[in-house]
Every structure is written in structure tokens, then in C-alpha cells.
Amino acid sequence: MACAVASSFAGKAVVATQPRRTAGRRAVAAAPRAALEAQRCATPFDGYKFEPIRESQISRAMTRRYFKAMDEHAEVDVVIVGAGSAGLACAYELSKYPDVKVAIIEQGVAPGGGAWLGGQLFSAMCIRKPAHTLLDELQVPYEDDGEFVVVRHAALMTSTLLSKVLKAPNITMFNATAAEDLIVKQDEKRGKYVAGCVTNWTLVSLNHDTQMCMDPNVIEAKVMVSSCGHDGPMGAAGVKRLARLGMIDRAPGMGALDMNTAEDAIVDQTREIVPGMVVCGMEVAEVAGSPRMGPTFGAMFISGQKAAHVALNTLRRQQQEQASDKEQQKELVSA
């Protein structure tokens, strides 16, 4: 209608078209404002494009690497069962020995056990001295409270320790994997000894009673470090199995809480409990009957580090025994 009026009456055309010129000026004025607003809201990721991919490529990339890792770790020097605070500390200490091949079996999806929180769902982690030297080594900041130090969030320590372990070229972790049993062998010199662990997917292990037979897999190891924690659905699995097999007298379970006694006892009793199997962390309390320690983590870390050196000593002893056996065989042949 405005266009028709403009074509018939030139004088009115100015009136008819004036709003359009005003709107145009407003649009021109709004354009810089829109540009400024867009610039203000811009991010470095605007227009971000991923490389093109086929879904099957992702599947192959994961499965190829996982089964390669399983193949390469069917035999290891040390298998650590349980990736809680003690198990991770053990693995970290073994990462300093790159010639030692290590596999970690963790039944949960998320490694770390109970060390993601400090106690009763509180964030801070308390570590009694002198275990704080491990924090210095890992460069984890803390507050000094005199006899102990406090990490502001337990996850800071756990994630730092975990990242160190996973970066180590001699260590591989299989999580969401349960240790269902022990491999036990026997010879004249050592008697019965642990020679690795029996593994399965955790979801399979939890559903044996609801499904038909689902057989396991194995990892052979010269030494097994059992750090399964205190009693629970899968806790203390290593020492409980030893007791059922008659390889130890019993696993009485941990005593009531006494921090001062507990932490010293856990580190002191970290040892090779039967040939080929080392225990550390709260699983020590389960077999020793020593007190529980509650929300203080120094003994967990130091017990794990000690277990690494106990395992190294066991490996050296085995090497010496093998060398001695070879010498004896040579002497017999030469005789």
C-alpha cells in the first residue's frame, strides 16, 4: 500500500518512505553493536571442527591396544591386586625400576580405592609424619599441622599418584577387572607358592550366581602384591583365599581403631606372607589382627612403598635360586 501511494503522489512519497530510511539508519547503527557483541562473546573454539572419522576406527583403536596389552601382560614380574592408596604407592615405587614389568588389577572402574576422600566423605587427607616426604617427592602441596600434614583434598594426592603410575612405561593397569583366585604351584624347595592371579571382568565376577559358567583368565607373575584392602565384597580377597587353601592359619580380621598402634603395625607387618605373595595396606591388618587406623593415610603409602621393595627382594632371591640351579645342573652334566 505504501509503494502504491508513493508512485501516485510524489509529495506523499517522502512521508511514505521516511520510516524506511529511518529503519535503515537504525539497522546500520545496530550493525556495529551486533559486531561488538559478537566479538565480546567470541571464544577460541568458535567454529571448531573435528577430523572426520569412522566409528569402526575408534572401536579398532581401543580393542587393538587393549588386547595387545593383555597379550603382553600374560606374564609379568609383579602383579599388584588392588589400586587403592597402598597399591598405587607400590606401583609408583616400582616405576623407579624400569626393568621390572608390572600389571595392576583393579576391580573398580575408578582406581584409588577409598583415597578420593579423607574420611566420612570429608575432603581433606591427613598424613602423619614422616610419610609427608612422599608428598614432597610428588610435589603435592599441604598444610603442616605439627605431627601430621593435611592435603586440602584427598583427590589431589590420589590423582597425582595415579598419573605418575599410569605414565610409567613399565606399568599397565587393567581396571574393572577382578582377581577371582590365586595361581598356586608347588615344588620341593618352596613348597606351595603363589604364581599369579586368576582374573575376570568385575561385572562377570559379580554375576556368577545369575549366569551359566563364565570361565576366567590368568596373569602369571613371579610376585603378587595383594593390596585388596579391608574386608568387604572383594576386600581382603588374597588373604581370605590363602586361609581357605590352608596356606596360612587364618585371617582373623582387623582390630578396632587405634591410630598410634595401627599405622606402625601395618608398615611393620608388610611382608611376603607366603612364597610369591606380598601383602600391604589394610589387608595386612586383616591377616595380622592389628587395629584399624581410620582416616589417616601415611601407613597406606609407606606400606605400599615397602611392599615394592619386598617384591624386589623376592625377585632377586628367585634370580639367585635360578642361577644356583643352573650351576648345579652344569656341575651334574660335567660330572
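I started with E137, which counts as partly exposed at 40% relative accessibility; on this scale buried is under 20%, exposed over 50%, and partly exposed in between (1.4 Å probe, protein chains only). The model is predicted, so I kept to local features with pLDDT of at least 70 and side-chain atom pairs at pLDDT 80 or more, while totals for chains, interfaces and linings use all residues. Residues are numbered from 1 along each chain as its sequence is written, and side-chain values use heavy atoms, with hydrogens and water left out.

**Salt bridges**

What does E137 pair with? I found its side chain in a salt bridge with K96, 2.8 Å from N to O (a side-chain nitrogen of Lys or Arg within 4 Å of a carboxyl oxygen of Asp or Glu). K96 lies in the loop between α4 and β2 and E137 in helix α5, so the pair ties together parts 41 residues apart in sequence. Helices here are DSSP runs (H or I, at least four residues), as are strands (E, at least two), numbered from the N terminus. K96 is partly exposed, at 37%.

Next I looked at K129 and D144, whose side chains meet in a salt bridge at 2.9 Å, N to O. K129 sits in the loop between β3 and α5 and D144 in strand β4 (residues 143-144), so this pair ties together parts 15 residues apart in sequence. Both are partly exposed, K129 at 32% and D144 at 48%. I also noted that salt bridges with shared partners join E93, K96 and E137 into one network.

Within helix α3, K68 and E72 make a salt bridge of 2.5 Å, N to O; they are four residues apart, about one helical turn. My search of the whole structure gave 13 salt bridges.

The K129 to P130 peptide bond is cis, with omega near 5°. I placed P130 in the loop between β3 (125-128) and α5 (132-138).

Two residues other than glycine have positive phi: L121 near 65° and A236 at about 55°. Is each one buried or exposed? L121, in the loop between β2 and β3, is exposed at 72%. A236, in the loop between β9 (217-226) and α8 (237-245), is buried at 0%.

**Y97**

Leaving out residues up to four places away in sequence, Y97 touches N170, H309 and L312 (contact means heavy atoms within 4.5 Å).
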